[in-house]
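Have a look at the protein below before reading on.

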Amino acid sequence: MKLPDIARGVPLVDDRLLLELLNDLHTADDLTRARAREGFFARLLAQVTGHSRRRDLAVTGALVGAQRGTLAWISELTDRLAATDLVVAEVTDEVTRVNHRVDRLDARLQWAEGGVRDLGIALAKLAEQTGRGLAEHDERLQRVESTLAVDRAVRRWRHPRPDPNLGRLAGAMLLAREVAGGPAGEYAASKPGAGVEHELAERMLQDPPEPWYDGIRPIVGLLAESTRTLPGDESRIMVAELLGEGVPEALTGTRGPLSSALRKTALATTVEGVDPDAAAVAALHTATGNGSDYVAPSLSAEELVRQIIREQFTEADSRRSRLRELGSGA
């Protein structure tokens, strides 16, 4: 199956592709770190932008993902308003910083300057058109926008077209991640006690695309089942990358234990060929701990949903805090 066919109907694909651009930019910024990358979104981005992203490992052979096809794709994102505000803000901030560093590069890399600046301009336009610049959030985000964002996400989750067949667990994590990264997540962060997380949980529990289980189930079994029932290795890699695998470390927030465990389980099953049951045991062991990293070994469906939502909103909030700190010069 072709990569674009796998990705159709999956929330956050456009977000993850934007983040994938940063790997190209950092390769140009620091050529000594250039290396071959063959992740799901690295290959999907090559098809979307119309250019090969295979890097020549020679010092002068690294490519910058700011060519004409990339700019055309970002313009198309602007027309569709497809990316969530948090990712647009993160990528725009990082491109601005790379742009400043490019100004200080020696002569052999000055050819990249124009491409990086063009990318920065395109991303700035995307942020402007979505109306989601962080400076405007406090004035713009109202309860009605939050409610509409939750409603749109839940309706698409209930009736995906086409259906990517991600199953309950992965689908719930990506839904919560999408909502947390958008206007509803920003509203929840600015208005503690607004009940956005509770509203999302109730909506997900009322009418899921598949019936939730009854009683209490072990987390290990749910992780293994979710990984095993994904359509194939491409889908497993896609889910792992949507949950943060391969994203620059500086752009990762406080990852929750459940999403980390699913990401590691899917990756170990695909890359290392580990049986899903064994992979789930190892992943949950390394992802959980005390305090905020604690997860009960068995959960009811409602407890699972609320844990998933809490993790994604906490991660999104930590990413927003990082942006605020960068903006204040802290």
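## Two helices side by side

Helix α14 (residues 257–271) packs against helix α15 (residues 276–287) at an angle of about 145°, and their axes are 8 Å apart. Those axes are lines fitted to C-alpha atoms, for helices over the stretch in contact, with angles running from 0 to 180 degrees between N-to-C directions. Helices (H or I, at least four residues) and strands (E, at least two) are DSSP runs, numbered from the N terminus. Before going further, keep in mind that this is a predicted model: local features need pLDDT of at least 70 and side-chain atom pairs count only at pLDDT 80 or more, while totals for chains, interfaces and linings use all residues. Residues are numbered from 1 along each chain as its sequence is written, and side-chain values use heavy atoms, with hydrogens and water left out.

Which residues in α14 and α15 meet? On the α14 side they are Pro257, Ser260, Ala261, Lys264, Thr265, Ala268 and Thr269, and on the α15 side Pro276, Ala279, Ala280, Ala283, Leu284, Thr286 and Ala287. Contact here means heavy atoms within 4.5 Å. Sorted by class, this contact has 9 nonpolar, 4 polar and 1 charged residues. For that sorting, Ala, Val, Leu, Ile, Met, Phe, Trp, Tyr, Cys and Pro count as nonpolar, Asp, Glu, Lys and Arg as charged, and the others, Gly among them, as polar.

## A closer look at α14

With its 15 residues, α14 reaches 21 Å from its first C-alpha to its last, close to the 21 Å expected at 1.5 Å a residue. The expected span is 1.5 Å times one less than the number of residues. Why is α14 largely enclosed by the rest of the structure? Because 12 of its 15 residues are buried. Buried means under 20% relative accessible area, exposed means over 50%, and partly exposed is in between (1.4 Å probe, protein chains only). Among the buried residues of α14 are Leu258, Leu262, Arg263 and Thr270. Just after α14, Gly273 takes a positive phi of about 70°.

## Zooming out

The protein has 16 helices and 2 strands, and buried residues make up 53% of its 330 residues. Take the contacts between residues at least 6 apart in sequence: 80% of them join residues at least 24 apart.

How many residues does the largest nonpolar core have? It has 56, and those with the most contacts inside it are Leu200, Ile219 and Leu304. The largest share of this core, 9 residues, comes from helix α9 (residues 167–180). A second, separate core of 6 residues includes Val88, Val91, Leu119 and Leu126. A nonpolar core is a set of buried Ala, Val, Leu, Ile, Met, Phe, Trp, Tyr and Cys residues joined through side-chain atoms within 4.5 Å.

Back to Ile219: leaving out residues up to four places away in sequence, Ile219 touches Leu258, Leu284, Val295, Ala296, Pro297, Ser298, Leu299 and Leu304.

Glu178 is found in helix α9, and Ser300 lies in strand β2 (residues 298–300).

| Residue | Relative accessibility | Class |
|---|---|---|
| Glu178 | 14% | buried |
| Ser300 | 18% | buried |
| Arg306 | 22% | partly exposed |
| Gly327 | 71% | exposed |

Not counting residues up to four places away in sequence, Ser300 touches Tyr213, Gly215 and Ile216. With that kind of neighbour left aside, Arg306 is in contact with His198, Ala201 and Glu202.

Arg306 and Met204 are 102 residues apart in sequence and 9.7 Å apart in space, C-alpha to C-alpha. For Gly327 and Asp93, the values are 234 residues in sequence and 9.0 Å between C-alpha atoms. Glu178 and Val150 are 28 residues apart along the chain, with their C-alpha atoms separated by 9.3 Å.
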